[in-house]
Amino acid sequence: MCPGHRPDSSYINIDFVLDIIDQLQSAGIKAIVLSGGGEPILHPNIIDIIKYINSKGINIGLVTSGQRNFSYNKMEYIIRSLTWLRISLDAGTPEIYKLTHGIDQDKYKTVLNFIQDALSARKKTDSQCTIGVGYLTGWNHEKEIEDYEQAALICAKMGVDYFQLRPLNFSNKVYEFSDYIKKSVASINNKMRLVKSRHKYDFFDTTRIDYRRPYKYCHISYFTTIICVNGGVYVCCDLRNQPTACIGNLHQKSFIDIWKNVNEVTAKVNIDNCLPHCKNDNANRIIDRILQNKDNNHKNFI
Ligand code: SF4
């Protein structure tokens, strides 16, 4: 179950996954992120999936809740295969974990063990896998600020590479948190790299009333996509399962054929209805600035 408390035990069939990976390789895909909506490591064949992607020479990133114990051999294999791993911790204590994840607080220990096992496996295998921990802010509970520091210190002690902060939504807590992060960056940075979705925190401003985008099209959708458990290929993760943002379904067409529709579907997305701080907003702004630059005489060489 995800922090959005959406119980759904369906998972993607292994033969279908392997076929999709073959298609993605043929299409020249460079990297795959295994990530939620659901929880990738709960898939019964997750090791086979990682092995298969690895055998195709495609880079793998994994975003996970870390709520599963693997044998040491399996963890070693995972860490050797990944380019990067990010574990969503979102809490500095079991009590806050229960609040932010809506599940038994004992699971907090499982996640800390997962992080520790991943770090130990990296050390043993000499893997270059980057291991980070995520902390989602914006739950509006009283202890949020002190809890974030507590979580960061636990991770620093364990030796994770970075601690990532990002806002769940924009509320007064985001503004308050943004100020607090600015002050506390130095103290955390001394111990570990602190990464924050700065474009999101800085973007929100109590005085701001206009969150419209300066660009008219979602440029980044031509470079990246998501594939859902139902085989649907969507413009982006925020618009997953929305029929108007569906480029096609892999149960009906090949990936190469589906991708021929990307221009048509993306052009119809009304980005005024998108979340102001979507994951790709910053990339869209950068690409748009390049395209709109009147002094750029070589637009087709971006
Ligand atoms: S939510 Fe963001 S990434 Fe998705 S279509 Fe809208 S602008 Fe693009």
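User: How do the axes of α1 and α2 cross, and within what distance do they come?
Analyst: This is a predicted model, and in it the axes of helix α1 (residues 14–26) and α2 come within 10 Å, crossing at roughly 15 degrees. Angles under 35 degrees count as roughly parallel, so α1 and α2 are roughly parallel to each other.

User: Is that crossing left-handed or right-handed?
Analyst: The α1 and α2 crossing is right-handed.

User: And which residues make the contact?
Analyst: On the α1 side, I14, V17, L18 and I21; on the α2 side, D48, I49, Y52 and I53.

User: OK, another pair. At what angle do α3 and α5 pack?
Analyst: About 70 degrees, and their axes are 9 Å apart. That makes α3 roughly perpendicular to α5.

User: Who meets whom there?
Analyst: From α3 you have M75, E76, I79 and R80, and they meet D117, A118, A121, R122, K124 and T125 in α5.

User: While we're at α3, where does S81 lie, and what does S81 touch?
Analyst: S81 lies in helix α3. Leaving out residues up to four places away in sequence, S81 touches I50, N54 and I60.

User: Why is S81 classed as partly exposed?
Analyst: It comes down to the count: S81 has 18 other C-beta atoms within 10 Å. A residue needs 20 or more to be buried and 12 or fewer to be exposed, so a count in between is partly exposed.

User: Switching to the core. How many residues are in the largest nonpolar one?
Analyst: The largest nonpolar core has 36 residues, and V133 and F163 have the most contacts inside it. The elements that give two or more residues to this core are α2 (46–55), α3 (72–81), β3 (84–88), α4 (94–101), α5 (107–125), β4 (130–137), α6 (144–158) and β5 (162–167). α5 gives the most, with six residues.

User: What does V133 touch?
Analyst: I87, L89, I115, C155, V160, F163 and Q164, again not counting residues up to four places away in sequence. There's also a second, separate core of 13 residues, which includes I227, V233, C236 and I258.

User: Back to β4. Which of the side chains along β4 are buried?
Analyst: I131, V133, Y135 and T137 point to one face and are buried.

User: Which strands pair with β4, and in what sense?
Analyst: β3 and β4 run parallel and are joined by five bridges. Within that pairing, L85 stands opposite I131 in β4. β4 and β5 also pair in the parallel sense, over six bridges, and the bridge partner of G132 in β5 is Y162.

User: And what joins β5 to β6?
Analyst: Four bridges join β5 to strand β6 (residues 193–196), and those two run parallel. There, L165 stands opposite K196 in β6.

User: What about β7, β8 and β9, what order are they in?
Analyst: They form an open sheet of three strands in the order β7-β8-β9, with antiparallel pairing. β7 (226–227) and β9 (246–249) stand at the edges with a single partner strand each, so one side of each is left without a neighbour in the sheet.

User: How many bridges join β8 to β9?
Analyst: Three bridges join strand β8 (residues 232–234) to β9. Y234 has C246 as its bridge partner in β9.

User: Last thing, some totals. How many helices and strands are in the protein chain, and how much of the chain is buried?
Analyst: There are eleven helices and nine strands in the protein chain. Buried residues make up 26% of its 302 residues. On contacts, if you take those between residues at least 6 apart in sequence, 70% join residues at least 24 apart.

Notes:
Residues numbered from 1 in each chain as written. Predicted model: local features only at pLDDT ≥ 70, side-chain atom pairs only at ≥ 80, totals over all residues. Core = buried A, V, L, I, M, F, W, Y, C linked by C-beta atoms within 7 Å. Contact = placed C-beta atoms within 7 Å. Pairing = 2+ DSSP bridges. Axes fitted to C-alpha atoms, helices over the stretch in contact; angles between N-to-C directions. Parallel < 35°, antiparallel > 145°, perpendicular 65-115°, else oblique. Left-handed = near helix turned anticlockwise from the far one by under 90°.
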